[in-house]
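Okay, everyone, thanks for coming. Let me put the structure up, and then I'll walk you through a few spots in it.

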Amino acid sequence: ADAVSSLQGGIELRKPEKMFLIENKQHAYQRAAADPDVLIVYETVMEEWIVQCEKLLAESDHQEDPDDNSGPSSEFEFWRNRMAKFNSVAEQLKQRECKCVIGVVSQSKSKVLKRWKSVDNMITESLNEAKDNVKYLSALEKYTEPLYTGTPATIIECLPALMNNAKMMLTIARYYGTSSRMTTLFVKLSNQIITNCKNSIMRPDPGGPAVKLWDQDIAGLLDRLKMVIKLHDIHQGLYKATKEKLAAQPKGKQFDFNETLIFGKFDALTKRVQKLHDMFTTVHQFTSLSLHNVEGM
């Protein structure tokens, strides 16, 4: 059987074959470590653990794809999956077979042991990081629900609490409060706000089918376009106000993030929305004139 089998997308640590299994006791470790044929089996198993775990650790810093339009739920899911993977490894290491491998190799003073200890420390640290990140992201999650289920108007209502929670994460989260992690989070929040705005424009009835702009009621369309522009301005305004508040305490962590990444797409969308608003305002005015049958027009 393949030692690297899928376990919730994680790994299953290889165990020694049954013929090499021993008691989980000190004297059994010593006897096994003194037998070169048995020792090499246990060292080989540990070397495989190192390869397996290093591969898992390499997945850690997921590089952001600039074309990725995923929302914050993908970030929540990433860290929950990551926590599950490292938790699985930690639990497997408590099993009798794994304890025996560590016990035997420890007795031999093998060079493999030093490498394993380094990897084991990284596994422990990565699990602590994932647990801590899940804790703070879970607290933030309820404030992001309107980005998926609400309208631009309801997003405006939840933005102050969302921004305040993000500020708290930056200042007190042990692992997540870094510039790169927080930039990733803000980019994903912006992505979902943009998706919500596009849906709002194309769907006069929330949850209903998309309708071509020219086939929509123009007055209703103008109201929704205006709300998107308002959401854009309030979103950036709250971000800048929070940034200024933090700047008043220069010794603390700052909103020192890549604002082009965070706001670039939303700025571009809002410019298009403003042009649409101007155009449909003109159309609406001429439609109103034609309905009034102005003499000589």
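Before I start, one definition: when I say contact, I mean heavy atoms within 4.5 Å. And keep in mind that this is a predicted model.

So, with that in hand, let's go to E129. You'll find E129 in helix α5, which covers residues 111-149. If we leave aside its neighbours within four places in sequence, E129 is in contact with W79, Y175 and R181. Is E129 buried or exposed? It counts as buried, because its relative accessibility is 13% and the cut-off for buried is under 20%.

Okay, next up, empty space. Rolling a probe the size of a water molecule over the atoms shows where empty space is left. How many cavities of 30 Å³ or more does a search of the whole structure find? One. The volume of the largest cavity is about 40 Å³. Its lining is made up of L159, L162, M163, F186, L189, I193 and H235. Two elements give two or more residues to that lining, namely α6 (152-172) and α7 (179-202).

Searching the whole structure turns up nine aromatic pairs. One of them is F186 with F255, and that pair is edge-to-face, with 5.4 Å centre to centre and 70° between the planes. F186 sits in helix α7, while F255 is in the loop between α8 (218-247) and α9 (259-291), so this pair ties together parts that are 69 residues apart in sequence. Both partners are tucked away: F186 counts as buried at 2% relative accessibility, and F255 is buried with a relative accessible area of 1%.

Now compare W214 and F280. Their ring centres are 4.8 Å apart and the planes are at 50°, so we call this pair tilted. Here too distant parts of the chain are linked: W214 is in the loop between α7 and α8, F280 is in helix α9, and the two are 66 residues apart. What about burial? W214 counts as exposed, at 57% relative accessibility, whereas F280 is buried, with a relative accessible area of 1%.

Which residues form one aromatic cluster with F186? Y239, F255, F257 and F263.

Notes:
Residues are numbered from 1 along each chain as its sequence is written. This is a predicted model: local features need pLDDT of at least 70, side-chain atom pairs count only at pLDDT 80 or more; totals for chains, interfaces and linings use all residues. Side-chain values use heavy atoms; hydrogens and water are left out. On a 1 Å grid over the protein atoms alone, a cavity is a set of points where a 1.4 Å probe fits but cannot get out, and a pocket is an open set with protein on both sides within 12 Å along at least five of seven lines; lining residues have an atom within 4 Å of a point. Grid points are joined across faces, edges and corners, and a volume is the space filled by probe spheres set on the points. Helices (H or I, at least four residues) and strands (E, at least two) are DSSP runs, numbered from the N terminus. Rings of Phe, Tyr and Trp (its six-membered ring) pair if their centres lie within 6.5 Å; planes under 30 degrees apart count as stacked, over 60 as edge-to-face and the rest as tilted. Buried means under 20% relative accessible area, exposed over 50%, partly exposed in between (1.4 Å probe, protein chains only).
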